[in-house]
Amino acid sequence: MYQAIINIQWVNILIILIEAWVVFVGMKNKVHYYLYLLCMAMLINSTGYLLALYSHTEDTYFQAIMFSWVGKVWITFAMFCFSKELSKSHIPWIVTFLFGAFSVATFVVVITTKTTNLFYTDIRFAEENGMILFQPQKGPWGWVWDIAVMLTVTVSFVMLLIGLSGEKNRQKRKQFIIVMLALVVELMIGVLVTSPLSKYYDINQFGFSIAAVMILVAIFRYNLMDTEYVAKEYMIDELSTGVIVTDVYGDVTYYNNTAENLFPDIKSDAQKVLYKVKDMLRGDGPVSIGTRSFTFEERPLIHKEKTVGTIYVLLDNTQYYNYLNELEEQKQIAEEANKAKSIFLANMSHEIRTPINSVLGMNEMILRETNEKNVREYAMDIQAAGQSLLSIINDILDLSKIESGKMEVTPAVYDIVNLVSEISNMTETSANNKGLLYNVYVSPGVPSKLFGDDVMIRQVLTNLLTNAVKYTSRGSVSLMVSVRPYNNEPLSMVKYSMLHFEVEDTGIGIKSADMRKLFSAYERIESGQNRNVEGSGLGITISMKMLDLMDSRLEVSSEYGKGSVFSFDLRQKIVDDTPVGDYEGKVQRRVGQKHSYEPTFSAPDAHILVVDDNSTNRKVFSSLLRPTGIKVTEVSNGQDAVDITSKHYFDIIFMDHMMPGMDGVEAMKRIKRRENGPCSNTPIIVLTANAVAGSKEKYMEDGFDGFLAKPISSDRLEEIIRDVLRKDKLKEAVPYKEPEDETEGFPMITGIDWEVAMMRIHDEKIVRTVLEDFVNTIKPQTRKLERLKAGFPDTIEDYRTMVHGVKSGSGTMGMIPLSGMAFVLEKAAKEKDYETIDRLHDPFIKEWRSYEDRLKDYLRPSDGADEEEKEEIPDEILEAILRMLSASMDLMDIDGADDAIEKLSGFRLPDYVEKEMDDLKDAVAELDQDGVARILETIRKGRR
């Protein structure tokens, strides 16, 4: 029997040793650590008990038993920790710590029991059949220990049972069951300690072996230590990527720490979370969870070529989407900057083109009406200078158009002699002023009329010639146009010509190293040497881009210090193959001829509405159409345009965009929205100085039916009207002669520079008319400005708009002091500098109102007749004039309204009329229909 017990114990030790080795070899995570601790504790305990069995004295037996307790006190602790980690139970760390401290205290109590009698109160030994039997009596701590052991095994069992109930994976469920059975075996064997057999052998030693065997089965048969646990602990659980795994039945079997953090309720209701993840999979774009951004993927879980489940991967793409958001923010910043640039260019275009419109429009009237050669030459110089001024802004605007892809080639028929001579007029004066020879040569064989984009050709040649003059200090600048051989298709009815253009100068030339800079925007060659040369540096860049649009390229040859030659070839369609012949002779003959303007049609039955807040622009518009016989009605703002179109029909409406109050876009939309309105189907053409890239397309998208840019070209204006006006209203053009007008010389008036006024308006009759309009609006306009100032800060923008109008209007009429003060006020209003406005506003109003007295004698010269000498107005004539005034205001016929006021002023009026005349004149000047109607009603009541 003794030997059999010895052999059983050796087998127990061998089994535990094998388990310890297997665990040690595969040990990777906390579960393995605690299992290894359990194996070592059982191994020490079993080894100590084996030594006790070999003992032949009571002392050696007792010492061996004490050694066994080194392992025995940690067996229960290791089993508790192992079960807790395997089941993932959330036991507070303090509980584990206290349990470990209790185990240490127990060991101390055991080894000191002979002194304290706490664990064993009586230690007795007996000998039977050659064996020493250990027969102690338990003390109070011994009973506490037994209770603690039973409680620990029970708690461990409960933890495993809870883990089993929440586990969906069948493999893991079997692992739980095996370990739980091992605990049950331990409990059952623990009961057998009270049996007679335990007298000779500690049955717990046998229980340890059985438990070890069962755990070995879990290790090898059910993969207790497989790589899943290793990966889960060290990789999957700690990934920033969330992982959720389901089995083939769709039940959630696993999720890592990231998934649990993202979906805390996965522990209590995993299937609900799974449904939520599937919904997210069906959506577009990332899913934001807290401050992170995730995308979801669904992948099959394949093992040995068989689908065993599904993996849902939650990829943390926060950094990627943050980068995309930063890119989007940068894009928005760039778009805002581009939008700001476009707004700036639009405003600059409007500010510059509006006065140029007046200059070129009035200059066109001079060319039409004068027969004097020297006047015509001055007018042609003005035209060239105006076009040159436009080129300053066109450089920037055209580059903007090109870079945005909005510039297109727009071919038209052009005369090569006109094109070259007009370009030369713009640059020859600059060359002559620098003492340069200016040469123009056009080959006699060049076809006289061609079809191409003459606007682009003009700009390319103007840029090249301007640069040539700028960078040449002595010598000459030459423009040469010739024809190169071109093989036309034999059977084609359309013939083409290859024109060759050259611009040659004797300037500073270009170094080979600087040739690259030549083609860079805003970059100057030898900036130190050329620091005094004006210009944006855009000319060559724009020219190259324009030539590229016309399927051509710029060629450059240069020798530093001797000069440069810029050239390009253009394929152009021939319209008239008559050779140019003697270019110089043709230019001289054309200078001596009267301006050959003739209207291309007449339309006396047509009625057009022009809407523009600038009275000079309206007058230019009306003057250009006068030869066609078209009736033109003028209004000064969008609201008046909406009102008059609700009552009267117009064949075409020309609508300015930038106006105070309701702008042209809103007015256009309101007119078109009015169902069955008189003008709901009338074509509305935008009339604007906004020449920024894409502006035409934007206006067309807004709903306009056409686009007319300022400065207004009479040819383009008539072309639009011919295209839009109903054909039955277009008639053959009739010769038109402007009526003769006798004007007087200008008197000396403080604050007015008549030379400036004539330089900008060119015609004394129109100057006088504009001044009359200006004086008539002084009272109502100054009152309105006072109201706007009183409404600060809400009305600051309207205040700025109004003083801007005064600035441009008074500047056009040579009122330099008034225009300068308006300029300062406009700038102050833009910067919201209320202090400057307060300081300058009253002197400005005083200066503005003073022109009423200054111009009184000039505009209303005394002919020796006073009020008593005027004829008293008959009632029937008064009534007729009032009806004429009312009808004119209803139609917004400004000329008719002014004529009615003038007729009333020629009579001696009754008191009830005289006292309303100032207000009536103000209302007419303000185009205030309601105000005129109200005053006329007051006059009629006075008659009764």
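This is a predicted model: local features need pLDDT of at least 70, side-chain atom pairs count only at pLDDT 80 or more; totals for chains, interfaces and linings use all residues.
## A helix, its partner and an open sheet

Residues are numbered from 1 along each chain as its sequence is written, and side-chain values use heavy atoms, leaving out hydrogens and water.

Helices (H or I, at least four residues) and strands (E, at least two) are DSSP runs, numbered from the N terminus. With 19 residues, H4 reaches 28 Å from its first C-alpha to its last, close to the 27 Å expected at 1.5 Å a residue; the expected span is 1.5 Å times one less than the number of residues.

How do H4 and H6 meet? Helix H4 (residues 93-111) and helix H6 (residues 140-166) pack at an angle of about 145°, and their axes are 11 Å apart. Axes are lines fitted to C-alpha atoms, for helices over the stretch in contact, and angles run from 0 to 180 degrees between N-to-C directions. In H4, Phe99, Phe102, Ala105, Thr106 and Val109 meet Trp141, Val144, Trp145, Ala148 and Thr152 in H6, where contact means heavy atoms within 4.5 Å. The residues of this contact divide into 8 nonpolar, 2 polar and no charged. Here Ala, Val, Leu, Ile, Met, Phe, Trp, Tyr, Cys and Pro count as nonpolar, Asp, Glu, Lys and Arg as charged, and the others, Gly among them, as polar.

Now to the sheet. It is open, with 5 strands in the order E6-E5-E9-E8-E7 and antiparallel pairing; two strands pair if DSSP finds at least two bridges between them. Strands E6 and E7 are the edges, each pairing on one side only. From one strand to the next, the twist averages 30°.

| Strand | Residues |
|---|---|
| E5 | 242-247 |
| E6 | 252-255 |
| E7 | 287-289 |
| E8 | 292-303 |
| E9 | 306-316 |

E5 and E6 pair in the antiparallel sense over 3 bridges, and Ile244 stands opposite Tyr255 in E6. Helix H11 (residues 270-282) lies across E5, E6, E7, E8 and E9, running at about 105° to E8.
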